[in-house]
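The sequence and structure come first.

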Amino acid sequence: MEMKDIYVLGVDIGGSHMACQVVNLHGCRPLSDTYVEVKVSEKEPAGVILTAWEKGLKACLEKAGGKPICGIGVAIPSPFDFIQGIAMADHKFASLKGLNIREELHRVTGIAADSILFTNDAAAFGMGVWRLNGATDRHMIGVTLGTGFGACFIVDGCYTTYGPGVPIGGELWNYPFRGVIAEDYVSTRWFEARFAELTGETIKGLRGMIDFYEAGKYKMETEQIFREFSDSFGEIMLPFMLRFKADKLVIGGGMVLSRQYFLPLIEQYFRNNGVDAAVVTLADTTSAIITGAAALCE
């Protein structure tokens, strides 16, 4: 029997934007001509944020051209009450705290409230990567590297938060590491601080450091920083790669644009420590998150 097309909205809510797209659950394929992105900062008042989301969702539904949309899968940063659909964060989207986001999305789209489901952005990234990569890896770890450090552990396409080799709650950003937390050593703020320490120069993100490097400045310092980062990242990931028996590690997020500087070093670290899992990068993090969010409606 041939599977029929089932259309849902996949939504990626980040600190500076909301992106949404119609996804056909038959084959988990995003429809390229339905992609909509609106820029809105999580620091804005609730009314501004919700109006921007409404504008984006309505534009996306319009692009769906009358296709029946039977659900919405939403990826949104923690902390969030993913079951009830209620915003909980004090630091991100503070103006939305206590609001029932499920009811708001139902009001805007008319889609039944019980067909609107939520997960965190790292989990959606992992579930999306698994589907876009051909859905073959039994045990896959997905991480996103940028201003933060997201992680997810995927077993046969399902996001898991417990089990052998899975950290508490399935998250790694707050994993204790060298007297602080893992995120302090692998996010862009570590690069900024370390570069300032070694050179006295202030940079914004990795781009500034690479601009200097490509202009022939601070080459030794930059190479040292990438070596230190790769060793820290390898040391954080190693026990999880081994105990979780990972077939693949997929790295996404803003840092992937600089992958040529660190990916070979990370692969070398794992080889030296007995890990033979594939390590791959995915530049299009948004597509993966949208696909993974939509997959909640399967």
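In this predicted model, helix α6, residues 205-214, is mostly covered, with seven of its ten residues buried. These are G205, L206, G208, M209, I210, F212 and Y213. They pack against three helices: α5 (188-199), α7 (219-243) and α8 (259-272). After α6 comes G216, which has a positive phi near 85°.

Helix α9, residues 285-294, is also mostly covered; eight of its ten residues are buried. The buried residues are T285, A288, I289, I290, T291, G292, A293 and A294.

| Helix | Residues | Buried |
|---|---|---|
| α6 | 205-214 | seven of ten residues |
| α9 | 285-294 | eight of ten residues |

A packed pair of helices is described by the angle between the axes and by the distance between them. For helix α1 (residues 46-63) and helix α2 (residues 101-109), the axes come within 10 Å and cross at roughly 45°. The crossing of α1 past α2 is right-handed.

On the α1 side, the contact is made by L50, W53, E54, L57, K58 and L61. Their partners in α2 are I101, E104, L105, R107, V108 and T109. By class, the residues of this contact comprise seven nonpolar, one polar and four charged.

Notes. Residues numbered from 1 in each chain as written. Predicted model: local features only at pLDDT ≥ 70, side-chain atom pairs only at ≥ 80, totals over all residues. Heavy atoms only, no water. Buried < 20%, exposed > 50% of the residue type's maximum accessible area, 1.4 Å probe, protein only. Helix = DSSP H or I, 4+ residues; strand = E, 2+ residues; numbered from the N terminus. Contact = heavy atoms within 4.5 Å. Axes fitted to C-alpha atoms, helices over the stretch in contact; angles between N-to-C directions. Left-handed = near helix turned anticlockwise from the far one by under 90°. Nonpolar A, V, L, I, M, F, W, Y, C, P; charged D, E, K, R; others polar.
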